[in-house]
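Hi,

Here is the structure I promised to pass on to you. Have a look at it, and then read my notes below.

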Amino acid sequence: METIEIPVKTIPIMAKTDVLVIGSGPGGLSAALACAREGVDTMLVERYGCFGGNITQSMIGTLAWYRSNDKVVDAGGVGCEFEQRSREMGASLSIFLYEIIDTEMFKYVADTLVQESGLVPVLHCSTVDVIMEGNKIKGVITESKSGRQAILAKRVIDATGDADIAHFCGAPYRLDPKDTLEPVSVNFGCSGVDVQTFLDYIINRQTSIADWGQESGEKEAKEFSTFLVEPFTKAKENGEIPEYAHLASYWNDFTDAGEVRSLNAIHMPGYDCTDVQDLTKAEIEGRKHVMWAIKALKKYTPGFDKARLRTIGASLGTRESRKILGAYNLTKHDVLNEARFKDSIGINPEFLDGNNTAIMPSTGRYFHVPYGIILPQKVENLLVAGRCVAGDKITHAATRQMMCCTVTGQGAGVAAAVSVKDKVTCRGVDISKVQKALKKQGVRIE
Amino acid sequence: MEHYVEPSKTIPVMAKTDVLVIGSGPAGLSAALASARAGASTMLVERYGCFGGNITLAMVGTISWYRREHTIDAGGIGVEFEMRAKKMGASHKDPEGDGEMLDTDMFKYVADVLIEEAGIIPLLHCMVTDVIMEGDTITGVITESKSGRQAIMAKQFIDATGDADLAFKTGAPFRKEPKESMMGTTTSFGCSGVDVDAFLSYVKGNPSTLGDWALETTGKEDDMFSTFISEPFEKATAAGEIPAGTPIIGYWDTLTDAGEAMNIDVAHVLNIDATDVRDLTHAEIMGRQEAVWAVAALKKYTPGFEKARLRTFNSSVGIRESREIIGEYIITEDDVKSQARFKDSIGIFPEFLDAYGVVTMPTTGRYLQLPFRAILPLKVENLLVAGRCISADKIAFAATRQMMCCCVSGQGAGVAAAVSVKQNVNCRLVDIKKVQKILKEQQVRID
């Protein structure tokens, strides 16, 4: 392959901070808020124009859709705060025991939380490299309309989803072959829906979780699920949409203004989201799928005959890419057997969704999320949060969940803050101090 | 300010192409389509997740709101956007003009289709961050994306970044007004749950004209219908619901029979330098806050909006101005007001000005020719500029910044770049007659 030499370059240092969080999805937003609330200087750098990542960019507002009965336990903390704050600000629909967050209004909820916390936000700013001193991360390099600049920080939290920062640092990770990775989704919403007609149709044909999970237990088969596949099957049978299009829709975000706002209908396997060519293909192909989906919905789903496209997500949604190798790597056994860890940074319900696994946490079972999975090997003063934390493929079905991302995020934020205050590395932080601070922030550790 | 010295690095060349277009807003998308259709191998690099720029990301669908009975347009790709969108169910009736208003989310798909049909090589989620020069000649760009840092080499380059970022990085001269005197940024938003009939009755009973908001007109604009709306925001401010001095005022646009009022253009933030990431951050956060205040005011004071709620914010704050290059020719106020004619015309644009409160509507059939030299930066070779950052003085900018004019300068740049490649010349030396011939073949009116 042809290469080009880039000469030495002198770039301005745009800022210095204590803790720098890269990425503002469920993982990063939680980390930044948690950290700022511990009283250390915190900066949050986000590549796009709003905070929220998977919530706002990819239009998924169902942080806690697994909360199907009152036996389900949560860590509480910032993730649950996202739900409550959204409800208070008129930015959610209360359904059963959870909130369906309005993914557009959440941009504003996030702005509000950010401003209240005193952290320093930077939007439209991509993080493109790191500054290292030996194996210690000292800062990052960013690109934005201001040009190429550096940010120096004592601790960095990689909440990029794809462990980009860990990758730049040379921290070890695994990236499974793309044909084994979870599919990507381009999400969309419709307006002009006769919601009552649609709901009548749905209630008359209850669907269950077992439709989409192959490896699930008896209890899942009885739980109500918001799953719709008929219109797409019919459209394929009639040759109106291609056979290869994997279309099956979750729906639950509907309004009395005729909107079904967030349809997670499109699943496209075989993309590596750390590859810009794949990202490009996936976005374009995804939008094609959106048009097919709407066509099918209009034709075969009662209530949708006058529906039209309302919004397409600003970014496709990635479910799986790099997974760091951590100080500890979470195992299938851990997540299915209520593992307990001394270095717990929060509990997580026994909820798995992905890699052909569907387990709902309606039993009240839960596992501890250990600090070791957010601590990369080899690199000092870097933590990771979100779906790229350490663990095998089955654990990913649990740790990739947005609520779990808020748990690892909040844990990372507090750990980074405590390590700054105590002047120790993230690896050397006193975990009992971290747990104490997390408890104070309302997180259930045990 | 302190500095960091970044060590040298070896990066892969990810692609080579004939014409590389950076930015896919009205100008860039037009440039790429024009170039590909003129037979050049064309690549289009876009920073965000979809094509369309100001249309899809900033949520502005009013590509032809200025068009009246006697307006004369260049035709070409800008008009094609309208027609294709209409055909694909991706447009709405413009309440003010004779044209189509683009559905800003559907246009993401329309753009995808046009690009695929034209055989353009697309790249999304890919930011161009620097240039590779050989003396004064630009030979490549550096990009940053999830794939890391990579280079793209090309023969001709079109800077359609809106902010003339590439031209800036090559050292080409530009001008930039002090931010205090720049037009504000806008967070365009939409509402759902609107009783459109009730709102239209209100509008009928409380009509607005261009004269209500324009600071300077030629007279004929004063009584023209406008979707201008200010009352609810004035009331909310008087009631202390919006902080005094907040510039929430502007226009409603698209209304649908699904009860949506989309692309509401009222939430502005002033004193923003769009080439400063901190300012952009503030513009986004403040803009969304203003949109929320605006929705609350509409709900409280505007018939039809009683049950309305926020539907969507735009993905990226809308920028009206930042840098403009100082090109081989600077289009002047006199040019745009006196139907200037140029031998090196790459397309016409109606006598339509809208900036800084100065409004001239093109109801007369008068028009300007856009000169090729206005898209040619000084000092750098093989680079063309298209869109709102072409070379124009402050008043001429009121015309050249218009999305339709961006399509014209974009299409001109695309064809010029393609012809330069074919003729194997620096675009500064391209045969303008050949360019004009191909533009005419592409249905652009040059004269």
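**Charges over rings**

The charged end of Arg444(A) lies over the ring of Tyr366(A), 4.9 Å from the ring's centre. In chain B, the charged end of Lys394(B) sits over the ring of Tyr356(B), at 4.5 Å from its centre. "Over a ring" is used when NZ of Lys or CZ of Arg is within 6 Å of the ring centre and within 35 degrees of the ring normal.

Please keep in mind that this is a predicted model, where local features need pLDDT of at least 70 and side-chain atom pairs count only at pLDDT 80 or more, while totals for chains, interfaces and linings use all residues. Residues are numbered from 1 along each chain as its sequence is written, chains are lettered from A and ligands numbered from 1 in the order in which they are written, and side-chain values use heavy atoms, leaving out hydrogens and water.

**Aromatic pairs**

Over all chains there are 19 aromatic pairs (rings of Phe, Tyr and Trp, the last by its six-membered ring, with centres within 6.5 Å; planes under 30 degrees apart are stacked, over 60 edge-to-face, the rest tilted). Tyr244(A) and Trp292(A) form an edge-to-face pair, 6.1 Å centre to centre with 85 degrees between the planes. Tyr244(A) is exposed, at 55% relative accessible area, and Trp292(A) is buried, at 15% (buried is under 20%, exposed over 50%, partly exposed in between, with a 1.4 Å probe and protein chains only). Ring pairs also join Trp65(B), Tyr66(B), Phe349(B) and Phe352(B) into a cluster.

Happy exploring!
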